[in-house]
Amino acid sequence: MGRITMDARRDGLDGFPSEFEVVGRDDLGDVLAIDGKGKVWTFAHDAGDWHDRSKAFDSVQLLHEHIACQRHFEVPPADLDLPALLARKQAIEAFLKGRRGAPYSRDAGKTALADLREEIADRRFWSSKRGRGLAACQEAGMRCDQLLRDAGAPGEWMCRAVSGDGSVLGVMGDFTPPWTEARVRELLAPLVGARELRLLPRPQPKP
């Protein structure tokens, strides 16, 4: 599925069947053309011949209605807020009602709705108490990483949230003297706050 652009040119369409009228292309390169009965078909651009086709719309009117709505099928901008995402989802659902003669629209809408539902669920999580707690814990973990480096702690350290709500911050390292667990706890305590600090010795390679 891709954005359809009306384009009647036959450039680069050697051998395209003359009984079909080319009307457009989508941004995947597939050709859309009308047969003698007014139905719109898509022809795969990389099939090697023009025998591989599938019905897109039962009429040209359905094609034009799809084009008028296809902006809703595109990947939403990253700065689109949750109410706007919900409005886009509702617009697609309303448009798809009664689209029995438009398999191209149904397929495009199904893909767009799946992506929107995932994005909406993601936005809702990060705006929830659990999501905000997890984000804050991840931020604290990055600051702990930097603090250990600035303090000269040798070796590799990993400070990450280890619970889904951000209530536990895990710190993995070697904890060899003088960088014992006690010293690491003392150093990181101001950044950890009320979270549980879970120290995890780095697994040692087998001899």
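The model is predicted, and local features need pLDDT of at least 70, side-chain atom pairs count only at pLDDT 80 or more, and totals for chains, interfaces and linings use all residues. Residues are numbered from 1 along each chain as its sequence is written, and side-chain values use heavy atoms, with hydrogens and water left out. Helices (H or I, at least four residues) and strands (E, at least two) are DSSP runs numbered from the N terminus, and the axes are lines fitted to C-alpha atoms, for helices over the stretch in contact, with angles running from 0 to 180 degrees between N-to-C directions.

**Stop one: H3 against H4.** Select Phe125, Trp126 and Ser127 of H3 together with Lys129, Arg130, Gly131, Arg132, Leu134, Ala135 and Gln138 of H4, which make the contact between the two helices, where contact means heavy atoms within 4.5 Å. By class, this contact has 4 nonpolar, 3 polar and 3 charged residues; Ala, Val, Leu, Ile, Met, Phe, Trp, Tyr, Cys and Pro count as nonpolar, Asp, Glu, Lys and Arg as charged, and the others, Gly among them, as polar.

**Stop two: along H4.** Next select residues 129-150, the 22 residues of H4, which reach 31 Å from the first C-alpha to the last, close to the 32 Å expected at 1.5 Å a residue, the expected span being 1.5 Å times one less than the number of residues. Just after H4, look at Gly152, which takes a positive phi of about 85°.

**Stop three: H5 beside H4.** In the viewer, pick Ala140, Arg143, Cys144, Leu147 and Leu148 in H4, which meet Leu187, Leu188 and Leu191 in H5. The residues of this contact divide into 7 nonpolar, no polar and 1 charged.

**Stop four: H2 beside H3.** Helix H2 (residues 82-96) packs on H3 at an angle of about 155°, with the axes 10 Å apart, and the two are therefore roughly antiparallel to each other. The crossing of H2 and H3 is left-handed. The residues of their contact divide into 10 nonpolar, 2 polar and 9 charged.

**Stop five: Met158 in S6.** Strand S6 holds Met158, which counts as partly exposed at 40% relative accessibility. Not counting residues up to four places away in sequence, Met158 touches Asp145, Gly170, Val171, Met172 and Arg202. Gly141 is 17 residues from Met158 in sequence and 8.1 Å away in space, C-alpha to C-alpha.

**Stop six: the loop between S7 and H5.** Most residues other than glycine have a negative phi, and most peptide bonds are trans. Select Phe175 in the loop between S7 and H5, a residue other than glycine whose phi is near 55°, a positive value. Phe175 is buried, with a relative accessible area of 11%. Pro178 has its place in the loop between S7 and H5, and a cis peptide bond, with omega of about 5°, joins Pro177 and Pro178.

**Stop seven: Val23.** Val23 is found in strand S2 (residues 21-26) and is buried, with a relative accessible area of 9%. Leaving aside neighbours within four places in sequence, Val23 is in contact with Thr5, Met6, Asp7, Ala8, Leu32, Ala33, Ile34 and Leu63.

**Stop eight: Asp35.** Finish at the loop between strand S3 (31-34) and strand S4 (40-43), where Asp35 is found; Asp35 is buried, with a relative accessible area of 16%. Leaving aside neighbours within four places in sequence, Asp35 is in contact with Glu19, Phe20 and Trp41.

Methods
Parallel < 35°, antiparallel > 145°, perpendicular 65-115°, else oblique. Left-handed = near helix turned anticlockwise from the far one by under 90°. Buried < 20%, exposed > 50% of the residue type's maximum accessible area, 1.4 Å probe, protein only.
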